[in-house]
Amino acid sequence: MQYQSTRDKSISVSAAEAIKTGLSAEGGLFVPDSFPSVSMEEIKALSEKSYNERAYFVLSKFLTDFTEEELKKCIDSAYTKAKFETNSIAPVYKLNDNTYFLELWHGPTCAFKDMALQILPHLLTTSMKKTNEDKEIVILVATSGDTGKAALEGFKDVEGTRIIVFYPDNGVSEIQKLQMVTQEGNNVSVAAVKGNFDDAQNGVKKIFTDNAYKNLLERNQFKLSSANSINWGRLVPQIVYYFSAYAELIANNEINAGDKINVVVPTGNFGNILAAYYANKMGLPVNKFICASNENNVLTDFIKTGVYNKNRDFHATISPSMDILISSNLERFLFDLTDRDDAEIRNLMAKLAEDGVYEISDEVKEKMQSMFCAGCCDDAKTMETIRKCSEEYDYVIDTHTAVAKSVYDDYVKETGDTTKTVIASTASPFKFNQSVLIALEDHNAVVGKNEFTLLEQLADKSGMKIPKSLYELKDKSIMFDVVCDKDEMQQFVSDFLMVE
Ligand SMILES: *Cc1c(COP(=O)(O)O)cnc(C)c1O
């Protein structure tokens with residue numbers, strides 16, 4: 001299988017090349033040139049397999065230039081009981097007869113980004129070897145919180161790689177910040193950027209597309225790559241857990257093989273929900289994709305109207321990993337919806353860059369709306385949803401997952417749809433302990449208390465165990481305290497790599 005670019009489909013590279021490069025030279029994203037199809041028999045067979053076997057089944061269909069041995073080694077290095085504290089890696093929690101949470105946060109940083117970022121470094125270093133790359137790979141990450149830490153954990157001390165993470169100064173939770181600034185490892189660096197996530201992301205994109213700078217780095221034996229969800233190696237592992245969830249539902253006699261399910265995803269960059277869509281293109285039976293946003297509801301409007309308009313106020317919410325106005329992976333979705341019309345994608349993306357707005361054709365809009373619906377909710381509603389879920393079901397969810405639950409509840413009220421539904425649960429409630437505790441009690445529950453008191457309080461309240469990686473932050477020292485302007489980001493990279 002070869003990979004083409006969303007902005008120039010004449011480009012054709014191997015999976016290893018696509019993963020190594022991250023972003024295509026003209027700014028497009030790599031996509032597989034076709035989608036492998038799987039039969040219901042094969043899907044049914046997955047119900048008796050382990051997560052790692054399911055992962056091999058899916059990944060081997062896309063990464064066709066990897067040998068079986070290479071792929072299995074990548075998978076088995078990433079998904080271990082030691083790192084995920086559970087054998088099933090991505091367990092499915094049954095809330096009631098129709099609703100299931102797919103818990104994607106049992107990894108080392110307590111958010112779903114681990115599902116991809118634990119394996120990406122292995123896919124990347126394998127890709128480097130396969131393409132005879134002798135330069136050192138430099139991973140640049142812009143993060144709205146969870147990606148940064150997950151990438152740091154995935155790449156720390158991985159030979160032949162360095163990693164630099166930029167996070168928005170005032171856009172991440174205390175725990176997220178603490179997780180990043182205490183990062184250990186001999187190849188890592190972290191800086192805060194004055195501004196919001198889009199500022200950090202645009203800064204990183206600017207470095208990526210600066211050819212003179214790229215040449216300078218190459219002369220110094222460095223090659224830039226990305227761990228953001230634009231990298232194919234980030235996206236493809238996410239397809240796995242939708243198959244896994246479906247297989248789990250079959251195994252538990254919750255559905256029969258062939259039954260359609262709904263999928264609800266709390267969405268930011270559109271990566272996670274796109275992975276569900278790709279699973280469906282391969283044959284996973286899906287009735288509706290429900291795209292959930294917080295107050296930054298650019299995707300809700302887009303799915304409802306066909307107009308993407310990022311010219312709107314940016315809101316810092318209690319679900320910060322979804323505080324995004326430019327959803328990069330939407331480009332891949334549009335490429336697919338337009339039947340791979342690269343000229344149209346260039347046109348739409350140019351409009352987005354120039355005016356911040358574009359509109360898709362009625363035909364494409366109808367196609368989208370036949371599969372996707374969307375909704376959003378504000379912080380107050382998010383809080384209420386956390387409290388209600390705890391009261392009704394004795395199950396505590398984080399703020400991002402609560403956005404999805406709220407949007408799903410609205411959807412059911414509106415449509416009466418009783419299709420069995422999987423909600424992607426994207427973070428541990430402990431990671432957003434402050435907001436979750438305020439939701440469960442009130443503001444007084446948190447005033448004047450430090451993060452570690454809050455963790456214990458939440459453990460008491462929820463009956464859940466504090467994830468070890470969060471508890472241990474207590475004894476770590478601060479390694480990074482740089483705050484830079486967005487036009488100083490390139491200099492920060494140069495300083496870390498010691499290039500002039
Ligand atoms: C990144 C993230 C999201 C959004 O996922 P996308 O793939 O960017 O749409 C949702 N919830 C949490 C907890 C996240 O970390």
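Buried means under 20% relative accessible area, exposed means over 50%, and partly exposed lies in between, with a 1.4 Å probe and protein chains only. A word on the source: this is a predicted model, where local features need pLDDT of at least 70, side-chain atom pairs count only at pLDDT 80 or more, and totals for chains, interfaces and linings use all residues. Residues are numbered from 1 along each chain as its sequence is written, and side-chain values use heavy atoms, leaving out hydrogens and water.

Back to aspartate 336. Its side chain meets lysine 281 in a salt bridge, 3.1 Å from N to O. That term means a side-chain nitrogen of Lys or Arg within 4 Å of a carboxyl oxygen of Asp or Glu. The pair links distant parts of the chain: aspartate 336 sits in helix 15 (residues 330-337), lysine 281 in helix 13, 55 residues apart. Helices are DSSP runs of H or I with at least four residues, strands are runs of E with at least two, and both are numbered from the N terminus. Lysine 281 is partly exposed, at 34%.

How many salt bridges does the structure hold? There are 21. One of them joins glutamate 153 to lysine 149, with the closest N and O atoms 3.5 Å apart. These two are four residues apart in helix 8 (residues 146-155), so about one helical turn separates them. Lysine 149 is buried, at 7%.

Six strands form an open sheet in the order 4-5-15-10-11-14, with mixed pairing. Two strands pair if DSSP finds at least two bridges between them. Valine 263 has phenylalanine 289 in strand 11 as its bridge partner.

Helix 13 returns here. Spanning residues 271-282, helix 13 packs on the sheet and touches strands 10, 11, 14 and 15. Contact means heavy atoms within 4.5 Å.

Last stop: glycine 448. Glycine 448 is in the loop between helix 20 (433-440) and helix 21 (451-462). Is it buried or exposed? Glycine 448 is exposed, at 89% relative accessibility.

Key:
Axes fitted to C-alpha atoms, helices over the stretch in contact; angles between N-to-C directions.
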